[in-house]
Amino acid sequence: MTKGWYGRAAEVAAIDALLRGAEAGHSGALALIGDTGEGKTALLDRAAALAGPGWQILRCAGAECESELPFAGLQWLLTSGARGCRDLPIGALPPGQAAALRGAIGLAPPPAAVDVFQIGLALLSLLGELSAAGPVLCLVDDAQWLDQATTDTLRFTARRLGSEGVVMVFAARPEPFGARPEFAVPGVRTIRPAPLDDEAARRLLDDHWPELESEVRERILVEASGNPLALLELPSMDPDVLRLGPLPLPDRLRAGFEHRTASLSVPARTALLVVAAEETGDLGLILRALGEIGLPERALVEAEASGMVTVDDGRVRFRHPLQRAALYHAAVFTDRRAVHTALGAALLDEPDRRVWHLAAATTGSDETLAAALETAAEHACEQSGYCAASAAMERAAGFTPEPARRGARLARAVEWAAQAGRAATALRLARAAEALPLSCESRARLGAARARIAFDDGAIGKARELLMAAAAEVAGPEPERAAAILLEAGRAAYRQGELDGLRRVRERMAGLPLPPERSATWLGVLDGPLRLHAGDLVGGIAGIRASMASIRTLDADSLSVRLVLAGQGLIIGDVADARDHAFELVEAIRERCMIGWFPAAAVFLGNAELLLGRLREADAALTEGLRIARDIDQSSRIAHAEGLLALLAAMRGDERECRDLAERGRHSGRGDTTFTDVTHREWALGLLDLGQGRNEAALDRLEALYQTPDRLRGNWVHLLRDLVEAAVRLRQPERAAAAMAEIERWADALGSPFAEAIALRGRAALDGDGDAYENALKLQAAEGIWYDHARTALLYGEWLRRERRRADARVHLRRAAETFDRLGAAVWAERARVELRAAGESLDPAPVTDLTAGLTPQELQVVRLAAAGATNKEIAARLFLSPKTVGHHLYRAFPKLGVTSRMELARLNLE
């Protein structure tokens, strides 16, 4: 075994496999989570050594004092390579990404509003550009101390690595720090290096300290407890200073590190304290701070000679992060205060960093400092650094002498913490704020933030009540804001199926002092669903259509309103219009890279595509929405997407996938169960039974849904279509009578071709009316609703065969089988072929003629955009991928499509 790599064969092998994969064009990531001294930094060094010539290595480490400065870690990472920040190929990125990245790392003023996920996409694209010159290795040490904006960016990038030839390796400690949870990258493999076993520990100690006396050796083996750093460091210290007993290893090591500094001069110890307090390792800044204190540069020379720090490439680094912590926390407050004051004086050109050092040097109230921290918080917010903004505003509140102003600042800190996804921090700050005198605006901020946390947790009922209370706080002074909050409360009530709650929201909305025209607009959004549930289908549908027409008159910041209205189009079954609205919304969100809004819009789009029978398009939208929802942990969107994907699996006849998705939703245990999610799950299982010929089970399940109180929510006409068919196939038409009557009521009220076709098909199946079948088929063909068309053709063909009109039956059964084959609905296609054989014709599964049938949903999206002339960079920006991953998708798709170039794509029918 190579000297220095003891008990780490598995970890080194995992890293080496990633590196070799990247050299072959495959990207990957790995997280090393281990206690202090377990060898994480050494493994990062090993990764750099294994990379070898031709690799580009970027490296950074989290710094505790910079953990609240947005994108500080990202800036360090991008300045660590051979290229400086200004020599990076940022100009090769799409303009929006380039501008966002330049603003984040200080090469340009930050835009007014930048989504942190856009920075992640920009980093992904940049790494892809860098990899053109050779594979790229990103090494991130002490990841638990990264600022939240950098953490979010790197997580986003690591999850999307594909074919760029990029490797990312993170190292972090396992224990939480303050309100921070353990560092993790969902979807990325985690390795937890265990303490070295006795044999490996003895070999390490013998190789590095061969002359140790046996008694000292045994004591060090016990004290080190398999910690590699302790095994290397403890022999150089006086064992008598180490406390006896089973104390936590970090404390024992800290004691040893503190003892090592005792022999240094006061100037050298002060220089080490400056390095510990500054932490980024900027040599120029450290020397300026030493000058402010009145110390010469030779103080740092002595500190370097001690072996505790290294100085190279303009940076000063501790040999191990624990040394930094030991030095900093061992210093008395007056010494730390002097050092932070000096650093603040040396940072006159960087006010946001300066104010943090001044805060560390200040005690008591200080409104001037509080105002400066508030400004730093607002700057962080402009870069979408909500975590840093919240922390800065929390510190500002701590220095604020006046209680009401302190409460207002805490309320904003709560709001930003909630937007950053730091629920525990937001709730802690909210409790502190609520003990102070608050304005109506601040109480509304707190209530809305608590509601956002509750909604994300799935506590939708609680979220609704919190939103109602928040709206009440600002109903008088800010009625427009109150109306927007109430609309969110209405959405929560409807999602839960709480009609009484929706009526309460409507009453509150009616009482707001809004101008008449504006009041009518807001009330109209709520009145449409309420009129539907009151039995006024015509009025409710007209109201919702009027509200949907108002979407395009709203400003770009009304995304929540536009989502509500797009969803209402699905409620009434105005599917084509809802699909258009959802598509426009998805495109607007893509353009602005507002990824937090993306899952909801993508799921709405996927739902509409599903109801239109566009199974491939539905799969693409729902899969992409689910991917992003999982990335940012939006549990309600995950449940919604999975329910619709279960329905899609049922339409295709994929029993395993359908049941897996349905059961996953049933047992997720996250938050309130919503009617919408239950409907999709149970409908999927009912449709699965119907496709498999289990007609009684299908009818029982669909009837149970139909009998649910207050059932007029979402996709209802389509669900009733399946109920009627199940009753017909079971030869119990009386059980379809009520559902058929309701379909006809909806069809009359909607006046749309798709609903009329469903009514005609249902009546034809119940009455044996061939003309009704023919008319339904014509309407569905004209609208391009081919899944429904095939289902109708199958029913019609079965009826014709029973009527002994075999030749006519074969025409429709053949058409149904071919359509189902093209759509990938294998179970339904086989049913059509069985009926066709019974009608006297044998039809083998048709060879695949749909060029896109072999493509994955993401490959389909990529080739369609490429066929339309989009470049790889443009496609990557739209799909939240890297340009190299886009190229990889095209490389895999071309053979499936039988083409060799992008030019040939334009001549293919990819619809």
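Student: Is Cys60 buried or exposed, and what is its relative accessible area?

Tutor: Some conventions come first: this is a predicted model, in which local features need pLDDT of at least 70 and side-chain atom pairs count only at pLDDT 80 or more, while totals for chains, interfaces and linings use all residues. Residues are numbered from 1 along each chain as its sequence is written, and side-chain values use heavy atoms, with hydrogens and water left out. A residue is termed buried under 20% relative accessible area, exposed over 50%, and partly exposed in between (1.4 Å probe, protein chains only). Cys60, with a relative accessible area of 3%, is buried.

Student: How many disulfides does the structure hold?

Tutor: A disulfide is a pair of cysteine sulfur atoms within 2.5 Å. The structure holds zero disulfides. For Cys60, the nearest cysteine sulfur belongs to Cys138 and is 8.4 Å away. Conversely, Cys138 has the sulfur of Cys60 as its nearest, and Cys138 is in no disulfide. Cys138 is buried, at a relative accessible area of 0%.

Student: What share of the chain is buried, and how many helices and strands does the chain have?

Tutor: Buried residues account for 57% of the 911 residues in the chain. Secondary structure is read from DSSP runs, numbered from the N terminus: helices are H or I with at least four residues, strands are E with at least two. On that basis the chain has 45 helices and seven strands. As for the surface, areas are computed by the Shrake-Rupley method with a 1.4 Å probe, and for residues only the protein chains shown count as cover. The chain exposes about 35,700 Å², of which carbon and sulfur atoms supply 52%.

Student: Which residues have the most contacts inside the largest nonpolar core?

Tutor: A nonpolar core is a set of buried Ala, Val, Leu, Ile, Met, Phe, Trp, Tyr and Cys residues joined through side-chain atoms within 4.5 Å. The largest has 187 residues, and those with the most contacts inside it are Leu78, Leu101, Met168, Phe170, Leu687 and Phe820. Apart from that core lies another of 36 residues, among them Ala72, Ala413, Ala418 and Leu429.

Student: What does Leu687 contact, leaving aside its neighbours within four places in sequence?

Tutor: Contact means heavy atoms within 4.5 Å. With those neighbours set aside, the partners of Leu687 are Leu647, Ala650, Met651, Asp722, Tyr787, Arg791 and Trp828. Leu615, in helix 30 (residues 615-631), is buried at 1% relative accessible area. Not counting residues up to four places away in sequence, Leu615 touches Leu610, Leu648, Met651, Arg652, Tyr787 and Leu823. For the chain as a whole, among contacts between residues at least 6 apart in sequence, 67% join residues at least 24 apart.

Student: Where is Asp689 found, and which residues does Asp689 touch?

Tutor: Asp689 is found in helix 33 (residues 675-691) and counts as buried at 3% relative accessibility. Beyond residues up to four places away in sequence, Asp689 touches Arg659, Arg694, Asn695, Ala697, Ala698 and Arg701.

Student: How many aromatic pairs does a search of the whole structure find?

Tutor: Rings of Phe, Tyr and Trp (its six-membered ring) pair if their centres lie within 6.5 Å; planes under 30 degrees apart count as stacked, over 60 as edge-to-face, and the rest as tilted. The search finds five aromatic pairs. One of them is the tilted pair of Tyr773 and Trp799, at 6.3 Å centre to centre and 45 degrees between the planes. Tyr773 lies in helix 38 (residues 770-783) and Trp799 in helix 39 (residues 786-802), so the pair ties together parts that are 26 residues apart in sequence. The rings of Tyr796 and Trp799 have centres 6.2 Å apart and planes at 20 degrees, so that pair is stacked. Tyr773, Tyr796 and Trp799 form one aromatic cluster.

Student: Why is helix 42 described as largely enclosed?

Tutor: Nine of the 11 residues of helix 42 (residues 857-867) are buried, so helix 42 is largely enclosed by the rest of the structure. The buried residues include Pro857, Leu860 and Val863. Gly869, whose phi is positive, near 100 degrees, follows helix 42.
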